[in-house]
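Work through these exercises with the structure on screen. Try each task before you read its solution.

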Amino acid sequence: YPTSFEARDAALRRLAFDELLALQLGMVGRRRARGGERGRPVPVGSGRDLAIRGAIVAALRAKVARQVDLTADQAAAIEAIRADIARPVPMLRLLQGDVGSGKTAVAAWALAAVAMAGRQGALLAPTDLLARQHQRTLAELIGPLGIGVELLTGSMRAADANRTRELLAGGLARVVVGTHALISESVRFADLALAVVDEQHRFGVEQRAALEAKAGTGVPHVLLMTATPIPRTLGQVLYADLDVTDLRTPPEGRIAVITGIKASAALDGTWQRVRDEARGGSRTFVVVPLIVPADSGSEDE
């Protein structure tokens with residue numbers, strides 16, 4: 001009960017400090033606990049590393065029909081992951097970068113590395129659409145290495161889902177991409193070594209732990225991905241239990257994103273551009289906010 005504004009301000013600072021201290025202690029405690037956990041190392045020799053990178057680069061070049069290579073940030077991220085998974089302490093790394101920065105190519109390297117070591121990797125995505133997109137992309141990137149990429153979502157036919165579950169349980173499926181269906185009780189892995197979680201902010205700690213628990217014996221390596229980069233200082237608070245890697249350099253040939261602002265009365269040129277793009281077979285997305293009047297009581301307006 002402060003008796004002055006100065007005392008009130010000091011009390012608010014102390015309350016904020018107490019909250020941040022409790023959060024930090026919890027995060028550091030989790031990091032120390034994970035440091036005591038043990039998993040099975042997945043060493044990746046130079047020959048295998050070069051083979052995986054070569055396959056990914058070749059797939060990227062075929063897709064964009066030009067000479068491209070991994071960016072310096074992607075190469076650094078792969079080296080960090082390579083060092084992480086070679087240790088008995090399970091990896092817990094956050095890979096953050098804008099949409100199109102090349103996170104999937106880095107994840108593909110990690111999944112291929114564990115698959116070529118005879119173990120299993122899983123990528124957890126928040127939606128059915130994103131899971132299918134990742135499955136197709138990974139198949140293009142690491143399929144030439146002889147690595148099949150399976151899919152498991154809640155919308156699949158029962159027969160197809162059962163087939164995927166049988167392949168995972170028998171160790172015949174080395175890489176799988178899926179939604180929350182991956183963490184259902186009916187899913188068993190023969191030897192899960194790596195769990196990749198895309199858009200990790202859309203999953204809770206318990207959901208992530210449920211996927212990790214699928215490893216059975218030992219603790220799998222975990223790679224989290226997000227397209228919502230945060231400042232370093234904030235990251236040290238929110239992700240004190242994680243190693244953080246940033247992808248800041250856009251891949252070669254990526255079209256620059258141009259942002260502009262126009263008044264409603266000046267949109268004639270914009271709509272003409274939309275029509276032109278449609279004639280050329282391209283797509284345009286129009287995003288509008290959902291505004292519900294406070295007194296309407298309807299979610300459809």
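**Exercise 1. Find the second largest pocket, give its volume and describe its lining.**

Solution. Start with the volume: the second largest pocket has about 690 Å³. Next, the lining: 18 residues line this pocket, and I258, T270, R273, V274 and T284 lie nearest its centre. Then sort the lining residues: nine are nonpolar, five polar and four charged.

Some ground rules apply throughout. The model is predicted, with local features needing pLDDT of at least 70 and side-chain atom pairs counting only at pLDDT 80 or more, while totals for chains, interfaces and linings use all residues. Residues are numbered from 1 along each chain as its sequence is written, and side-chain values use heavy atoms, with hydrogens and water left out.

The terms are these. On a 1 Å grid over the protein atoms alone, a pocket is an open set of points with protein on both sides within 12 Å along at least five of seven lines; a cavity is a set where a 1.4 Å probe fits but cannot get out; lining residues have an atom within 4 Å of a point. Grid points are joined across faces, edges and corners, and a volume is the space filled by probe spheres set on the points. Ala, Val, Leu, Ile, Met, Phe, Trp, Tyr, Cys and Pro count as nonpolar, Asp, Glu, Lys and Arg as charged, and the others, Gly among them, as polar.

**Exercise 2. Which elements give two or more residues to the lining of the largest pocket?**

Solution. First, the volume of the largest pocket is about 950 Å³. Its lining has 33 residues, with K63, G100, S101, G102 and T104 nearest the centre. The elements that give two or more residues to this lining are α2 (46–64), α4 (103–116), α5 (128–142) and β6 (221–226). Helices (H or I, at least four residues) and strands (E, at least two) are DSSP runs, numbered from the N terminus. The most comes from α5, with six residues. By class, the lining holds 14 nonpolar, ten polar and nine charged residues.

**Exercise 3. What do the buried residues of α2 pack against?**

Solution. α2 has 19 residues. Its buried residues are D49, I52, R53, A55, I56, V57 and A59. These pack against α3 (72–85), α4 and α5. Just after α2, A65 takes a positive phi of about 60°.

Conventions
The expected span of a helix is 1.5 Å times one less than its number of residues. Buried means under 20% relative accessible area, exposed over 50%, partly exposed in between (1.4 Å probe, protein chains only). Contact means heavy atoms within 4.5 Å.
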